[in-house]
Number of protein chains: 2
Amino acid sequence: MMMRAGRSQEEIRRSNLSALLRQVHLGGPASRAALADRLGLNRSTIKGLTADLTAAGLVREELPTDTGKAGRPSLVVRPESERVYVLAFDVRVDRLIAARVGLGGRILDRREAARRRAGADVHEVVGVLAGFARRLHREAGAGSQCAGAGAAYCGMIRRDDGMVRFGPNMGWVDQAFGTELAFRLGLGLPVAVGNEAHLGALAEHQRGAGVGFQNLVYLHGDVGVGGGIIVGGKLLDGDGGYGCELGHMMVNPYDGRPCGCGSRGCLEAEVGEQALIDAAGRTAELSGRDGVRAVVRAAGRGDVAAREAVRRIGDWLGIGVANLINLFNPGLVIFGGMLREVYPRAAAQVHARVAANVLAISRERVRLRTSALGDDATLVGAAELAFAGLLADPLDALARLTPAGRRDPVSP
Amino acid sequence: MMMRAGRSQEEIRRSNLSALLRQVHLGGPASRAALADRLGLNRSTIKGLTADLTAAGLVREELPTDTGKAGRPSLVVRPESERVYVLAFDVRVDRLIAARVGLGGRILDRREAARRRAGADVHEVVGVLAGFARRLHREAGAGSQCAGAGAAYCGMIRRDDGMVRFGPNMGWVDQAFGTELAFRLGLGLPVAVGNEAHLGALAEHQRGAGVGFQNLVYLHGDVGVGGGIIVGGKLLDGDGGYGCELGHMMVNPYDGRPCGCGSRGCLEAEVGEQALIDAAGRTAELSGRDGVRAVVRAAGRGDVAAREAVRRIGDWLGIGVANLINLFNPGLVIFGGMLREVYPRAAAQVHARVAANVLAISRERVRLRTSALGDDATLVGAAELAFAGLLADPLDALARLTPAGRRDPVSP
């Protein structure tokens, strides 16, 4: 609320460089005229800022391919997507993913591997991810530069240092995942770690179904059900960064299914992967995401047990969603992860619960949609986390990159 | 994110005047030295700002009564509590309250009346409140000045114009309460209207149990149960201002009690006033807040039915609180309204549910407390809403006050 006098020209320039780079990173290539308009700055300021970012190798200016208009065309400012990239990692219960993501958000290259569910310790996971990173680096063009690293993890993450406090579905408690991955990458860069559903929400908010919404709820279904909630344009993270645990909202206090957290009747126990497979009576033959798909497909073919199972999950999901709409008065609810596959078949139950249980005024304008980024939402969120430092202060972030970060950064 | 160059000295001065006035309004009288320290400004700047606010009649400087130190004492800057005030209104199901609240937050004078529950329309309520306001004004000192008006209402309020969209417990739907009260006051000032639980949360956050907490959940029990949730230091209001409806979180999907919203098993149906009285088997003889007190007292004396009723309500309350802690990872949960009386007797049940249903990491640091402002929390919140304009831009707000606002403002 308070403001010191003497905010310097240098501070203003940094702030404007940040705004401009963020604009082309999230909004895509744009003419100087359009950028001036969107940022509320005059064209000569945009010209100067663009020159600075071009000199730093972060953007380039090009003639547009064809404007369709007569007269001198305005130069288009593009992010240097091939030259400047981050490493993004996604640690899921059943899959490990690493990607090179260019400025502007393009996934340039990726490596991934399925995991057996049980018994992977942090060293093994970090080893696989560092191996992926080494190959991704090797195949990056000469002169390209790694500007950050970020990781999504399916558990509760300490904000300061990327410590996994609790990852029940992989059996991790207090594992120094972020620190260890940073050490093994050897880039001289920290690895920012976030909860997968938080990052999925950020990604949908910045690049997916939630663009333009200031208040949204993202539900991420997997083995468990996580959440990311955007309130007033910002992720709700709470006092320690552990907010949005909507999967542990108790919805069934009487005959609730046991939950991985030790309680019963939590939303994730009632609508997670195993709940659907069990409800369809196919516990012995199916499991995981493939199992969910099989049940949803069977329901689509009219299989009675599968339809009843989807209906049952949809009803619990609807109670959870109704509670969330009453609490957050969001403009949008997004179903991601495996819920992206379940929701379209269960929409009738969800809508019925919303109609019955949400206050009329709070459901006036809310929309329900599936994730636009699909299975990549969490990976894209990890990339955005990695870009955060560069976007906040572009020139300073570049200056701080170590020589190791500039060339062949991953030690063997 | 973006910042225009050329932020003027005048803008900086306004921003600093706002910060200084807010500091003495919320933090109380303070020496120039302390203010310089808290605001991060140098003493000569503080001196100039204080002179401006003194000339406007908003603060005054005094010698401290006794510093206990040798040497020249530092002048103390005090808000002009008697001279500059707002009108605060609180419309409850069973009570109407109006108060004159001085800058600095002191309740200088108040009028109130009990209401019969049924059938009060908006004109009748506004008439009573305007009558109260007339008397409060008449008894204000000569030369004092009304700087704003705010009202708390037990329902869902449209942000822009104080329209009551839905006030189920008084049977109001789409009533132009804010506009009509402003007209009847004749001050040439708008009346800012807020949901009572939102305002209770703001009041506790700024002046009560929640000072210093950036993330807190306030539960306000009355006929219904409302909520105000502070996320990152700001009220969660959602897309339309209708967020925080924690009373309509469904906790009991099987044999839930009917709720005023048309659904069943909502938190407010299970823990509101009537739920407690019914559970104690005293529906025929007791009602309202007095009825709640009677049951809680009986439980304290060992009455078996009353103890069982409090235990039952405590268990549902605990489920609701556990869900909220999982979602918001707050530092603090505050029980206000009638829950301030119920919670101390039901704490064992609430704690048991928190222990069983909240993820261990999210309950590491959360505290549960009763409201510090007690029954005045909502009224104090209405006063803060009324002060918001003056605090945001002190000199401009004063300049905009009409001549009517300066003297005897309430037309008959």
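In which kind of crossing, left-handed or right-handed, does α9(A) pass α10(A)?

Analyst: This is a predicted model, where local features need pLDDT of at least 70, side-chain atom pairs count only at pLDDT 80 or more, and totals for chains, interfaces and linings use all residues. Residues are numbered from 1 along each chain as its sequence is written, chains are lettered from A and ligands numbered from 1 in written order, and side-chain values use heavy atoms, without hydrogens and water.

α9(A) passes α10(A) in a left-handed crossing. Left-handed means that the near helix is turned anticlockwise from the far one by less than a right angle; clockwise would be right-handed. Helices here are DSSP runs (H or I, at least four residues), numbered from the N terminus. In chain A, α9 covers residues 288-300 and α10 covers residues 304-328. Their axes come within 7 Å and cross at roughly 110 degrees. Axes are lines fitted to C-alpha atoms over the stretch in contact, and angles run from 0 to 180 degrees between N-to-C directions.

Which residues meet? Val295(A), Ala298(A) and Ala299(A) come from α9(A). Ala306(A), Arg307(A) and Val310(A) come from α10(A). Contact means heavy atoms within 4.5 Å.

Now look at α9 in chain B, again residues 288-300, which holds Arg289(B). Arg289(B) counts as buried because its relative accessibility is 12%. Buried means under 20% relative accessible area (1.4 Å probe, protein chains only). Glu273(B) sits 16 residues away along the chain, yet the two C-alpha atoms are 7.0 Å apart. Arg289(B) touches Glu273(B), and its other contacts include Asp222(B), Glu341(B) and Asp375(B), not counting residues up to four places away in sequence.

Back in chain A, helix α11 (residues 339-357) holds Arg353(A). Arg353(A) is also buried, at 18% relative accessibility. Among the residues it touches, beyond four places away in sequence, are Asp315(A), Gly318(A) and Met250(B).

How do the two chains relate? A rotation of 180 degrees with 0.0 Å of shift along its axis superposes chain A on chain B, with RMSD 0.0 Å. Superposition is by least squares on C-alpha atoms of residues with pLDDT of at least 70 in both copies. The copies are thus related as by a two-fold rotation axis. The same surface serves both: 100% of the contact residues of chain A recur in chain B. Val251(A) is the residue of chain A that comes closest to the axis, at 3.1 Å (C-alpha).

Notes: Helix = DSSP H or I, 4+ residues; strand = E, 2+ residues; numbered from the N terminus. Buried < 20%, exposed > 50% of the residue type's maximum accessible area, 1.4 Å probe, protein only.
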